[in-house]
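Work through the exercises below with the sequence and the 3D view at hand. Try each task before reading its solution.

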2 protein chains.
Amino acid sequence: MKPLLAAVFLVSNLMPAPVPAAEPEGEWHMAARDYGNTRFSPLGEITPANLPKLSLAFTFSTGVLRGHEAAPVVADNTMFIVTPYPNLVYALDLTKPGAPQKWKFDPKPAASSQGVACCDVVNRGVVYSDGKLFFNTLDMNTIALDARTGKELWRTKLGSIEKGETMTMAPIVVKGKVLVGNSGGELGVRGWLTALDAATGKIAWRAWSTGPDKDVLIGPAFKPFYAQDRGKDLGTRSWPGDGWKIGGGTVWGFITYDPETDLVYYGTGNPGPWNPEQRPGDNKWTSGIFARKPDTGEAVWYYQWSPHDLHDYDGVNENVLAEIPIKGRQRKVILHPDRNGYLYVLDRASGQVLSATPYAAITTSTRVDLETGKLVYNPAKDPTAGKTVRDICPASSGAKDWQPSSWSPRTKLLYLPMQNICQDAQTFETSYISGTPYVGASLEQYAGPGGHRGEFAAWDPVAQKKVWSIKENFPVWSGALATAGDVVFYGTMDGWFKGLDAKTGKLLWQYKVGSGIIGQPVSYRGPDGKQYVAVLSGIGGWAGTIVSGEIDPRDGTGANGMVNLTKDLPQYTAKGGMLYVFALP
Amino acid sequence: MKPLLAAVFLVSNLMPAPVPAAEPEGEWHMAARDYGNTRFSPLGEITPANLPKLSLAFTFSTGVLRGHEAAPVVADNTMFIVTPYPNLVYALDLTKPGAPQKWKFDPKPAASSQGVACCDVVNRGVVYSDGKLFFNTLDMNTIALDARTGKELWRTKLGSIEKGETMTMAPIVVKGKVLVGNSGGELGVRGWLTALDAATGKIAWRAWSTGPDKDVLIGPAFKPFYAQDRGKDLGTRSWPGDGWKIGGGTVWGFITYDPETDLVYYGTGNPGPWNPEQRPGDNKWTSGIFARKPDTGEAVWYYQWSPHDLHDYDGVNENVLAEIPIKGRQRKVILHPDRNGYLYVLDRASGQVLSATPYAAITTSTRVDLETGKLVYNPAKDPTAGKTVRDICPASSGAKDWQPSSWSPRTKLLYLPMQNICQDAQTFETSYISGTPYVGASLEQYAGPGGHRGEFAAWDPVAQKKVWSIKENFPVWSGALATAGDVVFYGTMDGWFKGLDAKTGKLLWQYKVGSGIIGQPVSYRGPDGKQYVAVLSGIGGWAGTIVSGEIDPRDGTGANGMVNLTKDLPQYTAKGGMLYVFALP
């Protein structure tokens with residue numbers, strides 16, 4: 001092992017991804033492992049040469065059958081996993097054969113929260129920091145546990161399921177603050193990012209995604225790059241009347257932190273309702289990206305991926321920190337593959353769009369104007385009440401959704417779990433009733449050009465093109481994992497966990513798990529010095545809710561048109577909830 | 001492969017276990033594989049030498065989280081599994097990588113049947129016969145499916161959940177008849193064995209376990225070996241008044257068939273209520289074994305393991321056909337490890353008890369009188385209303401319960417999954433209300449002598465002693481599997497699947513599965529010619545219902561005193577429902 005470890009150390013020293021000071025390279029403390037959201041493991045024991053021998057080390061049943069979107073987290077020879085509702089947290093002792101349960105924590109969330117969640121009752125993971133675990137419950141609590149004992153240290157209630165609010169995202173901890181956001185963009189929820197004191201659970205600050213500048217924490221430090229984002233109280237003035245109060249912009253994706261700029265980056269969700277004719281204006285600050293100071297929450301810049309979002313593209317997809325050469329100069333950038341079909345490269349400090357390139361079939365817009373930063377919509381695809389608009393590509397679920405990509409600083413490629421979906425849509429006037437769906441659209445999603453519904457692709461952000469790509473029958477709704485061994489992993493909704501050569505995309509290994517995979521694969525070093533790869537299986541989420549929620553396939557508009565796309569999924573997979581952990585023999 | 005196959009062929013020719021004519025040695029058509037209930041696989045590829053290399057081939061999530069007691073069944077390169085309630089049946093295509101789902105059948109049983117089942121909502125397996133699958137639903141239907149398509153061919157309703165009846169047992173098919181029995185001995189159900197025409201589902205005959213001779217199908221052919229079983233209408237006369245009408249004797253264990261004697265053998269369950277003072281008499285024909293003609297159902301002989309059953313010992317444990325030398329003469333016998341702690345050897349034709357030897361700690365009786373055939377109770381342990389009787393060994397759950405043993409005709413050993421449990425009991429007067437518990441006893445079960453709660457032992461029925469034994473922390477509630485490679489398998493409630501040297505009991509391999517194992521391991525030959533071993537994981541059943549039923553551990557008398565024994569189980573395992581299939585690399 002020694003020579004290997006030394007090699008790995010060099011690699012991670014040469015190309016550092018920002019991680020908390022206390023995170024050893026063999027551990028995995030937050031859903032994305034590092035603050036840069038690269039999901040790159042610096043472990044290199046598993047290589048294209050030995051990957052075909054990868055074997056199952058152990059499994060663990062979570063006792064829950066809904067969609068398992070979480071990343072397992074590893075610290076101090078213990079693995080921590082959080083389940084979908086009822087959000088059980090397990091600690092598994094990696095030092096013992098079979099990794100037996102060390103403790104289990106049941107937060108007992110309100111059962112009624114299940115009825116509020118838009119798209120299955122998922123949870124995307126816990127975060128470990130300084131001996132504590134932090135996670136969110138579906139019923140709007142952030143909870144801190146003692147990682148050693150599972151004892152509850154504090155819990156803070158952050159909102160109300162009665163209003164349609166839930167929490168599904170994986171928090172991160174930055175400079176002693178736990179950053180969490182809410183879900184509920186389909187129920188007229190007003191989005192926010194909240195910082196809690198990690199020691200006490202007290203709210204340090206809250207930044208709303210809509211409303212007057214004081215609510216959005218916009219002040220003198222705010223210097224957006226583009227003109228359309230400058231001006232007083234745009235978070236109210238870009239809305240009709242009080243629309244911003246029920247206007248969405250929820251914060252349910254992954255949060256990035258760059259210690260160099262000392263900025264956190266995160267996306268805001270779709271404006272509500274989906275029917276765009278009910279909310280003329282840009283609908284700020286929805287479907288965009290904020291850069292904020294973690295100490296105070298002050299906004300530093302903002303960019304809107306989809307102004308006046310016409311198709312529920314949200315803006316919450318991951319923002320990945322990378323360094324790449326642009327026009328001969330090494331630039332510190334954010335890579336962002338948006339649901340609207342463009343892969344954006346942004347300057348980390350200013351929010352300037354350096355490039356925005358289609359990475360999927362797009363009919364809803366023609367380009368991003370790099371001069372103005374504006375997305376140029378195709379008016380032929382604008383939703384109009386009473387009219388059926390066909391061939392909307394990407395569909396509302398996007399060219400990719402929340403499922404996070406992985407960036408390898410070795411191959412300089414971004415590994416993208418993707419969809420290939422278009423839709424027909426009808427919009428109609430809808431009324432707001434607190435805690436109920438506030439959408440005003442009826443969709444039928446279907447496979448895009450080529451007929452496949454999913455894809456896993458390697459994207460070169462310098463050349464701005466796909467280097468290789470694998471077509472999948474179903475949307476690839478799992479996260480991606482790249483490692484220093486130059487292999488990448490992802491899972492499919494029909495239950496295959498796949499390992500590829502990171503450079504060529506060649507399939508070197510695959511394993512059939514019990515239920516479809518929508519979780520986030522991770523890698524860690526066990527107490528025995530070996531590299532392990534772990535992933536949760538358990539179909540569900542928006543794309544798999546036809547199985548996990550037992551939805552009648554006869555109405556294709558179910559689950560906002562996702563049922564039409566996934567009618568045959570129940571023939572491929574059954575509900576499950578199981579951790580799989582692999583290693584070389 | 002060829003030399004191996006030839007060797008195996010010889011083995012199975014030398015020591016035949018009766019199987020249906022159409023069952024190849026690489027398949028597994030019924031829960032016990034063969035009519036003799038040996039659970040012996042004639043496949044010999046996996047041996048003590050290569051067992052340590054056994055690896056996981058694939059897994060499959062059933063989408064159900066209650067106790068998984070079923071045996072997977074394999075025919076025509078397809079695996080069939082039935083889940084606990086809601087009794088989904090899956091067909092998996094073994095010819096394709098990862099064994100994808102071929103079809104799925106949902107019988108849609110009445111949800112109210114869940115409230116009636118005494119001890120989790122288990123199902124013990126399907127049976128394959130002549131292109132058809134037969135299985136029972138918890139809500140009292142026997143269903144026939146086309147094994148190729150999963151299409152329902154017929155369903156026959158056999159009883160009523162309103163009376164507390166359920167069905168959990170695995171049927172067998174004998175001479176064109178599907179044999180099924182009912183459950184509900186804790187709810188005053190009157191037990192029966194029913195034969196259905198395999199082609200049409202029409203009831204051919206029904207043999208009640210209590211009542212007048214005409215109901216019990218006792219006629220001129222009935223020749224019990226012992227005097228106490230002879231006489232008219234003992235099924236009513238050995239009961240107070242009409243007690244026999246609500247007197248139990250349910251038939252929920254495995255059924256054996258001997259083509260040579262042309263007799264089916266099966267056990268009858270406990271008399272109701274448990275409180276014995278409410279039912280003076282022998283309570284025939286409960287807690288005993290019947291031999292019947294499969295064509296007509298006529299009883300040929302009967303023997304009562306536990307007359308006037310004082311401790312809920314039932315009589316349904318498996319009856320295994322074997323040939324062993326007794327006093328220098330080769331005898332065709334039935335091996336029966338009873339819950340009452342004795343391992344019986346019976347003559348197949350007459351029902352004579354050839355030996356009855358304690359195989360566990362027993363305080364409730366002193367011996368079985370081979371002259372009279374009578375169990376000699378220890379009056380100090382007789383339940384008396386209002387009195388707490390302590391140190392009842394075995395406990396009501398027995399020295400072993402339903403979990404079936406396996407007989408190897410090669411090692412001549414019976415492999416016993418066992419408990420080591422005693423209990424304190426209080427009995428009290430109870431009243432019968434249709435469809436509700438009819439017990440009249442309050443128990444607290446606890447570990448027996450030595451402090452371990454489970455054991456896996458190899459029993460030599462000739463020498464009448466244990467050859468080796470392994471202590472386990474929890475009751476061994478899974479079935480056993482022996483193979484022609486001289487290895488044996490079993491699973492533990494804390495989730496280990498173990499492989500041993502059949503001769504020495506040496507642990508050669510173990511694998512940690514996701515949830516505790518209470519299923520029945522099986523072995524088959526895949527389309528690639530390799531030997532596979534399959535088992536369902538998913539804690540539950542009577543012993544695991546504290547986890548699967550989420551029972552409050554603070555009341556030790558819960559689940560008829562099983563909660564007291566298994567209070568710590570939730571720390572060891574979580575709910576699950578997953579098929580695991582293993583093979584050599």
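Rings of Phe, Tyr and Trp (its six-membered ring) pair if their centres lie within 6.5 Å; planes under 30 degrees apart count as stacked, over 60 as edge-to-face and the rest as tilted. By this rule there are 72 aromatic pairs over all chains.

This is a predicted model, where local features need pLDDT of at least 70 and side-chain atom pairs count only at pLDDT 80 or more, while totals for chains, interfaces and linings use all residues. Residues are numbered from 1 along each chain as its sequence is written, chains are lettered from A and ligands numbered from 1 in the order in which they are written, and side-chain values use heavy atoms, with hydrogens and water left out.

**Exercise 1. Classify the ring pair W509(A) and Y511(A).**

Step 1: take the distance, 6.4 Å centre to centre.
Step 2: take the angle between the planes, 15 degrees. The pair is stacked.
Step 3: check burial. Buried means under 20% relative accessible area, exposed over 50%, partly exposed in between (1.4 Å probe, protein chains only). W509(A) has 6% and is buried. Y511(A) has 7% and is buried.

**Exercise 2. Classify the rings of Y524(B) and Y532(B).**

Step 1: the centres are 5.2 Å apart.
Step 2: the planes stand at 10 degrees, so this pair is stacked.
Step 3: Y524(B) and Y532(B) are both buried.

**Exercise 3. Find the charge over the face of F290(A).**

Step 1: apply the rule. NZ of Lys or CZ of Arg must be within 6 Å of the ring centre and within 35 degrees of the ring normal.
Step 2: R292(A) lies over F290(A), at 4.1 Å from the ring centre.
Step 3: look in chain B too. There R453(B) lies over the face of F474(B), at 4.2 Å from the ring centre.

**Exercise 4. Trace the open sheet of chain B.**

Step 1: Strands (E, at least two residues) and helices (H or I, at least four) are DSSP runs, numbered from the N terminus. Two strands pair if DSSP finds at least two bridges between them.
Step 2: read the order of the five strands, β1-β32-β33-β34-β35, with mixed pairing.
Step 3: find the edges. β1 (40-41) and β35 (507-512) of chain B each have a single partner strand, so one side of each lacks a neighbour in the sheet.
Step 4: inspect one pairing. β1(B) runs parallel to β32 (residues 481-483) of chain B, over two bridges. S41(B) has T483(B) as its bridge partner.

**Exercise 5. Is helix α4 (residues 541-548) of chain B enclosed or open?**

Step 1: eight of its eight residues are buried, so α4(B) is largely enclosed by the rest of the structure.
Step 2: the buried residues include W542(B) and I546(B).
Step 3: just after α4(B), E550(B) takes a positive phi of about 50 degrees.
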